[in-house]
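Open the model in your viewer and keep the sequence panel beside it. The stops below say what to select next and what is there.

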Amino acid sequence: MPYETLRCTCPGLAGGVFAEAHTGRGADRSPAFCLENLSSRARTLAITLEDLSHPIAGFSHWVIWDLPAAPQVPEAIPAGRRVPELGAVQGAAYGFHRYAGPKPPRGRQHTYRFTVYVLDCALGLPAGAGKRRLLRRMEGHILQAGRLEAVFG
């Protein structure tokens, strides 16, 4: 089912390059997102971060869902399977239940992609779920999606 494009920006990815604060070599804080044309039917958001240059295709650095649908996603979402202050759940990515920012081998530049999904429902997946299970559960519930790519290294 086709869905609308979400217009999203991220101050932490100025010029298509990660600010060090949002990388594994910096404070490793998740960046904030601004969503411009959020559907009036939006109920929740899900976000994935993938390393497009990793030898394992689609290698995940972050998977979060059931964020409240809002025009802004806050910076520095805390680690943990559940994020009670947001009602969100962080799945397993990179072996953690948290944002794990870029940290490619020194001297190598990798390209990363955030995808922000706007959903018509809460997914209710357990925190043990990963990206594959999230993508399957979202089928038929995606109203909009937006992508941002940036490099680091």
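Start by selecting Phe 33, which is buried, with a relative accessible area of 0%; buried means under 20% relative accessible area, exposed over 50%, and partly exposed in between, with a 1.4 Å probe and protein chains only. This is a predicted model, in which local features need pLDDT of at least 70 and side-chain atom pairs count only at pLDDT 80 or more, while totals for chains, interfaces and linings use all residues. Residues are numbered from 1 along each chain as its sequence is written, and side-chain values use heavy atoms, with hydrogens and water left out.

**Stop 1: the aromatic rings**

Two rings form a pair if their centres lie within 6.5 Å, counting Phe, Tyr and the six-membered ring of Trp; planes under 30 degrees apart are stacked, over 60 edge-to-face, and the rest tilted. By this rule there are four aromatic pairs. Select Phe 18 and Tyr 112: they make an edge-to-face pair, 5.6 Å centre to centre with 85 degrees between the planes. Phe 18 is in the loop between strand E2 (8-9) and strand E3 (33-35), Tyr 112 is in strand E9 (residues 110-119), and the two are 94 residues apart. Strands (E, at least two residues) and helices (H or I, at least four) are DSSP runs, numbered from the N terminus. Phe 18 and Tyr 112 are both buried.

Phe 114 is buried, with a relative accessible area of 1%. Now show Phe 18, Phe 33, Tyr 112 and Phe 114 together: they form one aromatic cluster.

**Stop 2: the sheet**

Colour the strands next. Seven of them form an open sheet with mixed pairing, in the order E1-E10-E9-E4-E5-E8-E7; two strands pair if DSSP finds at least two bridges between them. The edge strands, each pairing on one side only, are strand E1 (4-5) and strand E7 (82-83).

Strands of a sheet pair through backbone hydrogen bonds, either parallel or antiparallel. For the parallel sense, look at E1 and E10, which pair over two bridges; Glu 4 has Gln 144 in E10 as its bridge partner. For the antiparallel sense, look at E9 and E10, which pair over 10 bridges. Here Val 116 has Gly 146 in E10 as its bridge partner. E5 and E8 are also antiparallel, over two bridges, and Trp 65 is partnered with Val 89 in E8.

**Stop 3: helix H1**

Which residues of helix H1 (residues 131-138) are buried? Select Lys 131, Leu 134 and Met 138. They lie on the same side of H1, because they cover an arc of only 60 degrees around the axis, taken from the directions from the helix axis to the C-beta atoms. An α-helix has 3.6 residues a turn, so residues three or four places apart point the same way. On the other side of H1, Arg 132 and Arg 136 are exposed.

The buried residues of H1 pack against strand E4 (44-51), strand E5 (59-68), E9 and strand E10 (142-152), where contact means heavy atoms within 4.5 Å. Just after H1, check the backbone of Gly 140, which takes a positive phi of about 80 degrees.

**Stop 4: two loop residues**

Select Ser 30, in the loop between E2 and E3. Ser 30 is buried, with a relative accessible area of 1%. A polar atom of its side chain lies 2.9 Å from the backbone nitrogen of Ile 77. A polar contact is a pair of N or O atoms within 3.5 Å; within protein, one must be able to donate a hydrogen and the other to accept it, and residues adjacent in sequence count only if both atoms are side-chain atoms. Not counting residues up to four places away in sequence, Ser 30 touches several residues, including His 22, Trp 62 and Tyr 99.

Finish at His 97, in the loop between strand E8 (88-90) and E9. His 97 is buried, with a relative accessible area of 17%. Its side chain reaches the backbone oxygen of Ala 127 at 3.4 Å.
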